[in-house]
Amino acid sequence: MQTVVIQGPSTLKGQINISGSKNASLPIMISSLLAKGSCLINNVPNLRDTRFLVSILKDLGCLVDFQKNTFIIKSTVIKKKSADYKYVSQMRASIVILGPTITRYKKFKIALPGGCSIGTRGIDLHLDALKLMGIKILIRNGYVIAERKKNKLDPIIHKFPKISVGATQNILMAATLANGISKLKNCAIEPEVIDLINFLNKCGANIKVKNRTITIKGVRELKLENHKVIPDRIEAGSYILATMATKGRLTLNNFNPNDLTFPLKIYQDMGLKIKKISKSSYEFNCKTLKPLKKISTKEFPGYPTDLQAQLVATQLKSALKSKVVENIFENRFIHIPELRRFGANISIIGKTVTIHKTLNLFGAEVMATDIRASFSLIIAAMMSKGTTVINRIYHLDRGYEEFDLKLKKCGVNISRKK
Ligand code: EPZ
């Protein structure tokens, strides 16, 4: 099991090129199953998850390849009508394979994704909407068996009972080839959802977004067109918080501040200074970190749950009974016991974490538990005196391209160990 070793304390100084968005790449790569032809998807981050998705698509029979940061699609005609448990159980995002495949094929079977360390992560919102589109759903032996009786899916007017990124993506993809106009309400509108819509419209779909309502006019077929994936706003936010935590100075290239408007406002209230260098390069520095009274995670454009753990770690030495409320997932505090191993003084009541200032943090051996929690351990290690060993770093490799090389180039004493 690979680990990383970090000698702290360290200050983040230098520049980092932000990679393409993992959470835009995955649904866009999957949406190619809807279309005919071939194309290149550029700026796809070379991560454990994107490489894993390529293996799932190859297992289905697609002619695809992944070279450096380009996903090459020659054909997405599938031969195998089942996404197996060994794949789906390791990457929940693969559940959005169901929408495209049941749109193009009469029958498809996909393993139930199961929960993960941050929550139960049901798929009821996905399945309920697909049933309304005329899909027969059977749950048997840990699989979802979907069957389409009609020649095309029925269009739907549907309000999601809860905002869900994955369910929005799954159903909007299914609606692109449905037999009429669908109107989906209470949708997720994260930049990654919009990037998926932009790609599909390039391929001939007819999708419009107004506030949280997405209107999809079913078309006869889609034809693949090249696309460049947006930058990863969560990777960028993670490095910005690391800069604030270590009072560093960092330039981010390939960064779009419009995807992090609200978090950047919060960080500026905490003392972050931002200087625009060019359209996609910005310098961040933070001399003094001010305590943040309270922040609650919300769906976009609110404060992202994917930057919650990193924000908790950043405040460990500056907090004044600072509160962070997690509203999206029911168990996204698994990083807290690990942060306590550095000497952090944090209490949890229900959905609220309260952080008390700790003057000194000390390196420790800790365990990565999910992609974003793992980055909070890196931030804590950089704030601590002494050696930190982070175990199970495959979680980091799932979401942060070459994180160790990027940090090393910015002055962090970090090394991978077998
Ligand atoms: C996406 O997950 C992201 N993953 C997550 O990022 C992100 O944290 C999440 O959206 C919220 O922004 C990808 O895009 C690959 P949801 P997703 O459906 O789509 C509940 C990362 O680190 N729910 O918006 O699975 C669910 O349990 C990952 O990159 C149901 O109850 O999230 C959760 O509490 C982690 N039933 C809430 O909704 C459903 O059918 C939001 O989940 C679907 C979801």
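Predicted model: local features only at pLDDT ≥ 70, side-chain atom pairs only at ≥ 80, totals over all residues.
**Ground rules.** I note that local features need pLDDT of at least 70 and side-chain atom pairs count only at pLDDT 80 or more, while totals for chains, interfaces and linings use all residues. Residues are numbered from 1 along each chain as its sequence is written, and side-chain values use heavy atoms, with hydrogens and water left out.

**Polar contacts.** I then checked pairs of N or O atoms within 3.5 Å, which is what a polar contact is here. An oxygen atom of the ligand lies 2.6 Å from a side-chain N or O atom of Asp306, and a polar backbone atom of Ile328 is 2.6 Å from a ligand oxygen atom. For Asn23, a polar side-chain atom is 2.9 Å from an oxygen atom of the ligand. The ligand alone exposes 820 Å², of which the protein buries 87% (Shrake-Rupley method, 1.4 Å probe).

**Cysteines.** I searched for disulfides (two cysteine sulfur atoms within 2.5 Å) and found zero. Cys62 is in none, and the nearest cysteine sulfur, that of Cys39, is 12 Å away. The sulfur of Cys286 is 16 Å from the closest cysteine sulfur, in Cys410, and therefore too far for a bond. Cys286 is buried (under 20% relative accessible area), at 1%.

How values were computed:
Polar contact = N/O pair within 3.5 Å; in protein donor to acceptor, adjacent residues only side chain to side chain. Buried < 20%, exposed > 50% of the residue type's maximum accessible area, 1.4 Å probe, protein only.
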